[in-house]
Amino acid sequence: GIPNNDGLDWKKAPCRFCGVGCGVLIGVEDGKAVAVKGDPNSSVNKGLCCVKGYHSILAIYGKDRLTHPLVMKNGKYEKTTMKEALDLIASKMQSTIKEHGKDSVSIYGSGQWTIPDGYVASKLFKGCIGTNNVEANARLCMASAVTGFMTSFGIDEPMGCYEDIDHADVFVLWGNNMAEMHPVLFSRLLDQRQKRNVKIIDFATRTTRTSMAADRSILFKPNTDLAVANAICYEIIKNNWTNKSFIENYCNFKKGLTKMGYGLEDNYSFTDKPQAIDFEDYKKFLEDYTPEKVEKISGVSAQDIKYMASFYGNQNTKVMSLWCMGMNQHTRGTWINNLVYNIHLLTGKISTPGNSPFSLTGQPSACGTVREVGTLTHKLPHGVVTNPEHRAHAAKIWNVPVENIPSKPTYHTVEMFRALDRGEIRFMWIQVTNPMVTMPKLKRYRDATKKEGRFIVVSDIYPTPTTDIADVILPSAMWIEREGMYGNSERRTQYFEQMINPPGEAMSDTWQLIEVAKRMGFEKQFYYNKETHIEEIYNEYRRHHEGKKHNMAPLEVLKSQPGAQWPYVNGKSTKWRFNAKYDPACDDGKEFQFYGNKDGKATIWQRPYEHAPEEPDNEYPYWLCTGRVIEHWHSGSMTRRVPILHKAMPHSYVEINPDEAKELQIKTGDKVRLTTRRGTMILPASVNERGVPVRRQVFVPFFDENLLINDLTLDAFCPISKQPDYKKCAVKIEKV
Ligand code: SF4
């Protein structure tokens with residue numbers, strides 16, 4: 001229970017940071033959050049937190065919190081009132097629409113938006129203004145997971161849940177530094193290893209703290225995970241380890257969606273439509289991927305490939321595959337997601353306890369707000385803009401004419417910034433995200449925001465490189481300074497109440513959007529009461545799911561327990577989807593039903609290995625891979641304000657393989673110049689300290705706003721998911 005003998009008022013919330021969605025208890029005293037601990041009653045973390053969770057409340061109280069709106073005048077920011085700032089934003093949007101059309105205004109949000117934030121953003125832009133210019137930063141971190149699910153299963157989000165960890169015998173981490181990125185979940189794996197004979201296999205392009213704790217660390221050359229996954233499938237078929245009845249009853253085979261560029265050219269659409277093939281065609285295709293052939297491509301020994309195939313192939317072994325950015329930030333991100341599903345589908349190791357392909361998310365509501373509310377250009381709450389029935393359903397609930405909602409998606413994230421560069425977009429409202437640290441090929445897009453005639457509004461809690469490019473800065477209420485809900489990686493929606501007051505004039509992103517909507521003449525649609533608006537918005541949002549297999553739990557349920565997992569049917573959460581034993585949405589009488597696809601079957605895709613768009617050459621002989629560290633969360637705008645986290649990791653660095661460091665006479669702490677075709681920067685070296693990349697690769701974390709590594713990265717993306725690849729471009733390294 002919640003402790004009540006220490007004089008503090010303890011309240012429950014999901015953690016502010018990553019997509020694990022740990023339950024925390026916040027101790028409040030005299031209107032201030034003064035203590036935080038893991039909630040022992042949370043099924044997610046069972047009382048544990050990681051270093052970020054334990055310090056989360058300190059991120060609220062940084063000295064430089066934004067407390068008043070600021071407007072750029074004559075090259076300087078001037079303080080203004082919230083009323084004046086909101087008036088200005090509304091009138092600027094209206095004049096931009098009048099002069100340049102509806103598609104000249106846009107909103108760019110995030111997986112840190114609460115469900116109500118994202119819902120009202122979508123309603124205002126898609127339903128009322130009539131533009132699909134709504135995107136979120138989750139495009140940069142999990143879009144390939146979405147398109148992987150959609151192409152393989154016809155419906156998004158993991159079929160399993162965290163409870164799979166308690167049942168699995170083997171955990172395969174595909175390019176996933178889980179010990180640093182999802183630490184509490186990783187501790188659940190370690191806990192199982194103490195209790196049972198389970199194995200953790202780390203399959204990655206660098207050794208990390210995860211590899212150090214794993215039973216086996218298998219390293220592959222960048223981009224060759226595609227070939228290794230195919231080789232695992234080859235071995236499974238060759239050894240007759242397939243689950244034949246599962247394949248016959250529940251799987252289709254397809255090829256297609258392969259002929260496409262890398263997002264760098266003007267036309268990057270695929271030109272080959274999906275096409276049915278049979279098992280024999282697929283088997284023949286895999287002949288190019290024998291372990292011996294793939295050893296030469298990937299650097300992974302044929303023996304290790306066979307080893308990985310053997311536990312997927314063993315019918316008595318339950319296997320969980322876990323991944324995050326390593327697979328999703330990939331110019332072939334959709335394919336590599338499909339390929340891991342292929343392994344699970346061929347062996348029938350799916351949708352049963354302990355057998356789970358599981359894509360993790362990095363933000364507290366990447367699933368809840370971006371994937372479920374649908375804050376992407378092609379999405380609607382529970383639907384897509386291209387479907388006339390979905391548009392009609394949304395328009396009815398939003399109380400707008402159906403013609404208001406455009407039937408075509410407009411710009412995905414990278415294109416949205418390119419459209420700003422070209423002048424097609426003139427107004428952009430950025431909420432709770434920091435694209436001037438996180439966009440790839442950053443200089444190009446930073447320059448775009450500074451062009452004549454662009455108007456940028458940024459809502460945030462601290463000054464960042466993104467507030468630096470704003471014409472108007474709005475101070476936002478953070479996390480427990482307002483009420484809301486997040487949706488975590490296991491389809492769990494969690495509620496939190498307002499516990500403390502926001503500073504100065506700061507208000508929630510939800511309320512900022514409502515106020516601007518009303519000023520633009522949409523009072524009828526934004527009828528919400530200030531005291532009860534979160535409840536009203538959530539209830540309205542739930543109506544989008546009425547009568548669907550996708551029901552969300554009522555608010556009373558979210559308030560009374562540590563969240564609920566959708567589909568929420570007959571008063572119960574669903575732990576495993578598509579399995580009739582656990583998922584009440586399976587209604588065709590069969591053991592499994594992949595109901596996202598009309599025929600109830602999942603798709604096994606033929607996916608080739610391909611080279612990356614920019615590979616090392618004589619001039620730029622190394623791969624550059626970027627990522628995160630345990631101390632800092634994403635762009636670091638919050639965690640760098642927490643003194644102990646900042647002290648533990650004060651700046652970025654470049655991690656170099658010790659053999660190459662020796663050849664180049666580089667030691668830890670030496671200054672190293674990195675140069676790509678986009679730019680150059682100097683960083684301190686780290687050799688054999690924290691992680692070790694494969695040879696001819698270097699790694700740089702992206703949290704440091706003073707060392708913007710994204711000035712060097714490439715803006716290539718997966719043409720199906722449109723998610724950029726931050727893990728692979730060519731770089732030159734020199735000791736300074
Ligand atoms: Fe928060 Fe993620 Fe750490 Fe849990 S693992 S405490 S959700 S940052």
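Modeller: Start with the shell around the ligand. This is a predicted model, where local features need pLDDT of at least 70, side-chain atom pairs count only at pLDDT 80 or more, and totals for chains, interfaces and linings use all residues. Residues are numbered from 1 along each chain as its sequence is written.

Biologist: How do the residues of the shell around the ligand divide into nonpolar, polar and charged?

Modeller: Ala, Val, Leu, Ile, Met, Phe, Trp, Tyr, Cys and Pro count as nonpolar; Asp, Glu, Lys and Arg as charged; the others, Gly among them, as polar. A residue is near if its C-beta atom, placed from the backbone, lies within 6 Å of the molecule. The shell then has 9 nonpolar, 4 polar and 1 charged.

Biologist: Which of the 14 residues around the ligand come nearest?

Modeller: The shell draws at least three residues from each of domain 1 (9-60) and domain 3 (143-362). Those bounds come from an automatic or database domain assignment. The nearest residues are C15, C18, C22, C50 and G53.

Biologist: How many residues of domain 2 are in contact with domain 3?

Modeller: The C-alpha centres of domain 2 and domain 3 lie 34 Å apart. Contact asks for C-beta atoms, placed from the backbone, within 7 Å. Domain 3 gives 11 residues, and domain 2 gives 10.

Biologist: Which helix gives the most to the side of domain 2 that touches domain 3?

Modeller: Helices are DSSP runs (H or I, at least four residues), numbered from the N terminus. With 3 residues, the one that gives the most is α15 (residues 366-372).

Key: Contact = placed C-beta atoms within 7 Å. Helix = DSSP H or I, 4+ residues; strand = E, 2+ residues; numbered from the N terminus.
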